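Please look at the chain shown below before reading on, and keep it in view while you work through the points. The briefing begins with a single residue, then turns to a helix, a loop and the chain as a whole.

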Amino acid sequence: MADEAELRALLLKGLAGDEAAHRAFLTEAAALLRAFFRNRLRSRPEDAEDLVQETLVALHTRRDSYDPSYPLTAWMYAIARYRLIDFLRRAGRRNHASLDGVDVGDVDPVYEATDAKHDIGVLLGQLPEKQRKAIQLVKLEEKSVRDAATETGLTESDIKISIHRGLKTLMRLMAGEGAS
């Protein structure tokens, strides 16, 4: 796994237009985020992977907001912690591992939802309808998987699979898009 300096160098190269560096940054960040979420959601590895994908989307869409005068991993983990908090709120769970001093309900100073919503909308438009609808209902509108299945006429398993595949497709789209 890359250290702070290597990650920072990859992100800055990506911001300067180096697509390969941006892809490498996302790959290295995914490894760190996977460990972060798996440590906090040990009994729910599929949810941990979903959070990795969601956080990578947030890192990609908000990459221009990174201030190089601050540590990159602090920025990255702040986004990850807020993704975890959002997930725990949706899941209605409060008994979990420490969130490193972050209180549930705090406003994310790094992540501006309105800007990201536009970027996400553009990316979602490139997904097949089934995946787009599943992600929109469960991840954006925060409906339960059961409610999404009822609304779409799909099974709950189909909704979960569509979300997982859709998030993976979004990551591929972002990696192919490169830093712009």
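In this predicted model, Ala 149 has a relative accessibility of 6%, and because buried means under 20% relative accessible area, Ala 149 counts as buried.

**Around Ala 149**
- Leaving aside residues up to four places away in sequence, Ala 149 touches Leu 154, Thr 155, Glu 156 and Ile 159.

- Helix α1 is made of twelve residues, 4-15, and from its first C-alpha to its last it reaches 16 Å, which is close to the 16 Å expected at 1.5 Å a residue.
- The buried residues of α1 are Leu 7, Leu 10, Leu 11 and Gly 14, and seen down the helix axis they fall within an arc of 95 degrees, so they line one face of the helix.
- Where α1 starts, a side-chain oxygen of Asp 3 comes to within 3.2 Å of the backbone nitrogen of Ala 5, and just after α1 ends, Gly 17 has a positive phi of about 110 degrees.

**A loop residue, Glu 142**
- Glu 142 lies in the loop that runs between α6 (129-140) and α7 (145-152), and its phi is near 60 degrees, a positive value in a residue other than glycine.
- For comparison, most residues other than glycine have a negative phi.
- Is Glu 142 buried, partly exposed or exposed? Its relative accessible area is 49%, so Glu 142 is partly exposed.

**The chain as a whole**
- The chain contains eight helices and zero strands, and from the N terminus on its elements therefore read α-α-α-α-α-α-α-α.
- Of the 180 residues in the chain, 43% are buried, and the accessible surface of the chain comes to about 9,200 Å², with 50% of that surface belonging to carbon and sulfur atoms.
- When contacts between residues at least 6 apart in sequence are considered, 65% of them join residues that are at least 24 apart.

Key:
Residues numbered from 1 in each chain as written. Predicted model: local features only at pLDDT ≥ 70, side-chain atom pairs only at ≥ 80, totals over all residues. Heavy atoms only, no water. Helix = DSSP H or I, 4+ residues; strand = E, 2+ residues; numbered from the N terminus. Buried < 20%, exposed > 50% of the residue type's maximum accessible area, 1.4 Å probe, protein only. Contact = heavy atoms within 4.5 Å. Areas by Shrake-Rupley, 256 points an atom, 1.4 Å probe, with all protein chains shown as cover. Expected span 1.5 Å × (residues − 1). Arc of directions from axis to C-beta. Polar contact = N/O pair within 3.5 Å; in protein donor to acceptor, adjacent residues only side chain to side chain.
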